[in-house]
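Please look over the chain shown here before reading the briefing on its overall dimensions, its sheet and its hairpin.

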Amino acid sequence: MKYIIIIPDGAADEAQASLGGKTPLEAANTPNMDALATAGVVARACHTPRELPAGSEIGNLSLLGYNPFEHFTGRAPMEAAAQGIELAPNDWAIRCNVVTVEDLGHGPVMVDFTADHVSTEESTALLKSLQAEVASNPKFQGALEFVPGVSYRNLLIWRGDKLAAPFNYDTRTEAPHDWTDLTIAEAYPRGPGSDLLVELMEASTRVFAGHPVNKDRQAAGRRLVTNVWLWGQGGAPSLTPFTEKFGPRGAMITAVDLLRGIAALVGWDRIEVPGATGYLDTDYAAKGRYAINALSKYDIVCVHVEAPDEASHEGRADEKVKAIEAIDHDIVGPLHQALDAQGDWRVMISPDHPTFLSTKKHTHGNVPVAMAGTGITADTATEYGDTAAANSDLAFDEGWDAMRWFIG
């Protein structure tokens, strides 16, 4: 049996007046998703329990069949795994966005959680300066390491063998993408160790203010990178390998370190696709081709596409629809056609969480799940979308149960 999982990140949404009262999934032209829905079943699943953050870190763990109440330790440790960074029992990983915060007259506002999609080269230079000017302070005893990632997505590693970390699992932080265009006075870290996190964030403001990267950006008329935003902290996670839990041997296709990290933690290979950006300009067709090629080597291939989520964070309904249509045309369609030569097969299409255009935030709630293929008896659904899922008799209130149903 060959299995395909397609994750249109954040594609689930509310009805939009700008889309004629339809949700983005319903407004998009998706003949290939609809064909699979007609041939199989449409269900709904909740991958983001209300007791946990409504984030991709929770949603994708659940989507791949792992109970986040048992396995989630924080987002940053998953991204550390993507970079091959091993965390000792007393180490902590902390997500380190570089962002743009401005005072718009009513307090500081998260103007851009990507700092105008800062380049990897720029963020690397900024973090190098933080390492030299802040992390080198003798009081930290060499425990801090700023680790560049991709674009605005970076890490801070705290080595507990050098200095005991002041954090624990009562420390609370906020994802910057949940505060887009909002005053952030209530968004700063709180709880044990939060004063230190705020101190580091404020120190970055001083380091970045006159930095050559910002001088070049100002000259080019681009937004300045004002500071780092620290969040998503946690210790080393432990996940049972997917092959032990479910059987099939898998591979992940994604442009996002979080998904790369989850893949590493569950024992999947990671397939890097040239032109995959984690943004709206990603090469959808290349992801489809690489997934087809991977079918000859792996039992299960997962294709994650970040673009719908990014469109929601920017409040762009038209771009969200375009991203969904590209996923349908360049990934779902070619993969469905290729599977016909593979013998027995199954396909699952599922977002990890809703991301509402109206709030520009990840949101708790159900997502639509389409599953079709060998051994799956068709229900009455004729299209894939939010309303079809809401009307379905098949529901996974604990979303992580959907994977076992899918594997069969």
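The points below go from the whole chain to the sheet, its helices and a hairpin.

This is a predicted model, in which local features need pLDDT of at least 70 and side-chain atom pairs count only at pLDDT 80 or more, while totals for chains, interfaces and linings use all residues. Residues are numbered from 1 along each chain as its sequence is written, and side-chain values use heavy atoms, with hydrogens and water left out.

**Whole chain**
- The chain has 15 helices and 15 strands, which are DSSP runs (helices H or I, at least four residues; strands E, at least two) numbered from the N terminus.
- Its radius of gyration, taken over C-alpha atoms, is 21 Å, close to the 22 Å given for 408 residues by the globule rule, so the chain is as compact as a globular protein of that length; that rule is 2.2 Å times the number of residues to the power 0.38.
- Of the 408 residues, 60% count as buried, meaning under 20% relative accessible area with a 1.4 Å probe, protein chains only.

**Open sheet**
- Eight strands form an open sheet with mixed pairing, in the order β9-β8-β10-β1-β11-β14-β2-β15, where pairing requires at least two DSSP bridges between two strands.
- The edge strands, β9 (269-271) and β15 (395-396), each pair on one side only.
- Strands β11 (residues 345-349) and β14 (residues 366-373) run antiparallel and are joined by four bridges, with I349 standing opposite A370 in β14.

**Hairpin**
- Strands β5 (residues 144-150) and β6 (residues 153-158) pair in the antiparallel sense over five bridges, and V147 has L155 in β6 as its bridge partner.
- Two residues lie between the strands of this hairpin, where S151 takes a positive phi near 55°.

Technical notes. Buried < 20%, exposed > 50% of the residue type's maximum accessible area, 1.4 Å probe, protein only.
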